[in-house]
Amino acid sequence: MKAFKHKIKAFKSRFDFPERYIKTCVSSKLIQRRAFKEYNIKIKKQLDEMSSADRNFWSLIKDLTGLSTSKSNAAPSVEDLADHFATKMSNGKGEEDDDFTPNNDDCMPLSSFRIRHKDVLKSLKKLDPHKSTNGLGPRFLKECASVLAPAVTRLFRLIVRKSSYVSKWKIQRVSPVHKRGKRSLPKMYRPVTVVDNLSAVFEDVVKPQFEAWALKHIPDWQYGFIPECGTVDYGAALTFKIQDCLERRKQGVLIATDIQGAFDRTWWARIKKRAEKKGLKKRALKLFKSYLYQRFLKVVAQGKESSLKQIFSSVPQGGKWSSFLFDLDISELPDDLCADVVPFGYADDVALWYEIEFDHLISTAVINQDMAALKEWGDDNKTTFEPEKMSVMVISQKRVPFDASGIFFNGEELSVVDDTTLVGLKIDRRMRWDVTDD
C-alpha cells in the first residue's frame, strides 16, 4: 500500500521528474509481486505444518476456497448464484425499443466484416494457454494454429455470410468472485465471465473493424477502454480542469454519479437500436442482433455446474466487443444537460464538473435541472442511478465556499462530502490525491 502511495505521489510530479516516476512505477510493481509471493509462501508453510487429519488444516482450506460450512463463510450454491446473476441480467426483458431517436445525426456505415486468414492465424497464436478453458482449450488452439487456421477462417466467413452467431458461443461460463460482506449472500459476489475460446478469437479478428466504427461515436469525455487512454489520463484531465478553474479564482462543484449494475444491465433493445441509427446495417447489423439474442449463463464453482439460465441484458463480460458496446450505450448521457457542465467518464464512473459563476440560487437550480434530465435519460435508457451512492463536493479556495446543499436526485438530497473516489483515486476538496484500499 505504501509503495502504491509513493507511485501516486510521484505521478503528481511526473512532468518535472519523469525518470523518478518511471523508477517508482517499476519499484511498486516489484514490491507488489514480492508481497504476493510472500503471502503464498506463508500459506504454504501453514499447510505444511499441519496434518491432513488436523481440523485446522481443512478449516483453512475451506476458508481459502470458499467452501466453509459456517453460516458466515459458506459460499452460496451454484444454482443460487446463477439465479441471482440471471435476475441482474434481465433488464428490459421482453421489451422492444421503438421510440429511440439519437441526439445527433452522426452516422458511419458498416455493413459487413472482412475475415482474413492471416488475422485468424495471428489471433490463434496469441492465445494464452494458461487462461481458463471454455470450449476448445486455448493451448490446443494456439499450438495447432497453423493447421486449424484455414478451417477456422472458413467457419468465421460462414458466420459473417449467414449473419448468425453460433448458439454454443452464446453460453457464458461465470465464475463468482466474492466482493465484500457475508460470503453466504449471493449479492456479495461479482460475476466474472469466461466466453468460449473460439468466440473470443472471432471477436478478436473482427475487433479492429468494429472498433474503428465504434470510436467514431464515442465522445471525447469518455476515457474508459479507449486506445492509449487509462485512469492516469482521466485523473490528469480532471486535475487540469480543476486547477485551471482555481487559478482563475473560481470555484466548482464535482458530482460523482453511480450507475447500478452498469455492465450487467445494459438494455439490448436500446444498444441494438443505437447501433442501427449510428450506421450498422445489412450483414453487420443482422450478426450483431444475433450476437445479442438468446444468451445464457451457467455458474461453475466449488467443483459444480449450475443449469443454464437465460439472460436478457448486459454486455458479455470477457468479450472483445463489450467495452465499446458499453461506451456506446452511455455515449449520449450528457447531451441533455446544460452546456456549461463538463463530464469526465471512465466507463460507468462518470463525474460532472460545474464551474460556479452565478449566485447560489441560480447555480443550484441549474444543477437540479441537470439532475432531473439525468434521471429522465436513465429512465428512457433503462439505466438506474443510485442517489445514496452519489455525492457532491465543492472545490474552492474562497473563505466562504459555495453552499452545495439542496441538490437533489430523484427526490433524495445528495450528500455533500469533503472527499470522493473516482476510478480508484481519492480526491479531497483541497485537491489532494490518494489511493483507495480496494
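Student: Which residue is the bridge partner of Gly-345 in β8?
Tutor: Val-350 is the bridge partner of Gly-345. Keep in mind that this is a predicted model.

Student: How do β7 and β8 pair, parallel or antiparallel?
Tutor: Antiparallel, over 5 bridges, with β8 covering residues 349–356.

Student: What is the strand order in the open sheet?
Tutor: The order is β7-β8-β3-β9-β12, 5 strands with mixed pairing. β7 (342–346) and β12 (415–416) each have a single partner strand, so one side of each has no neighbour in the sheet.

Student: And which strands does helix α9 touch?
Tutor: Helix α9, residues 231–247, packs on the sheet and touches β3 (251–256), β7, β8 and β9 (391–395). The direction of α9 makes about 160 degrees with that of β7.

Student: Switching to voids. How many cavities of 30 Å³ or more are there?
Tutor: The count is 2. The largest cavity holds about 80 Å³ of space.

Student: Which residues are closest to the centre of the largest cavity?
Tutor: Ile-259, Ala-262, Arg-265, Thr-266 and Thr-383, out of 13 lining residues. By class, the lining has 4 nonpolar, 6 polar and 3 charged residues.

Student: Last topic, helix α11. Which of its residues are buried?
Tutor: In α11 (residues 282–291), they are Ala-284, Leu-285, Leu-287, Phe-288, Ser-290 and Tyr-291.

Student: What do the buried residues of α11 pack against?
Tutor: Helices α7 (145–162), α8 (197–215), α10 (268–277) and α12 (322–329), along with strand β4 (295–301).

How values were computed. Residues are numbered from 1 along each chain as its sequence is written. This is a predicted model: local features need pLDDT of at least 70, side-chain atom pairs count only at pLDDT 80 or more; totals for chains, interfaces and linings use all residues. Side-chain values use heavy atoms; hydrogens and water are left out. Two strands pair if DSSP finds at least two bridges between them. Helices (H or I, at least four residues) and strands (E, at least two) are DSSP runs, numbered from the N terminus. Contact means heavy atoms within 4.5 Å. Axes are lines fitted to C-alpha atoms, for helices over the stretch in contact, and angles run from 0 to 180 degrees between N-to-C directions. On a 1 Å grid over the protein atoms alone, a cavity is a set of points where a 1.4 Å probe fits but cannot get out, and a pocket is an open set with protein on both sides within 12 Å along at least five of seven lines; lining residues have an atom within 4 Å of a point. Grid points are joined across faces, edges and corners, and a volume is the space filled by probe spheres set on the points. Ala, Val, Leu, Ile, Met, Phe, Trp, Tyr, Cys and Pro count as nonpolar, Asp, Glu, Lys and Arg as charged, and the others, Gly among them, as polar. Buried means under 20% relative accessible area, exposed over 50%, partly exposed in between (1.4 Å probe, protein chains only).
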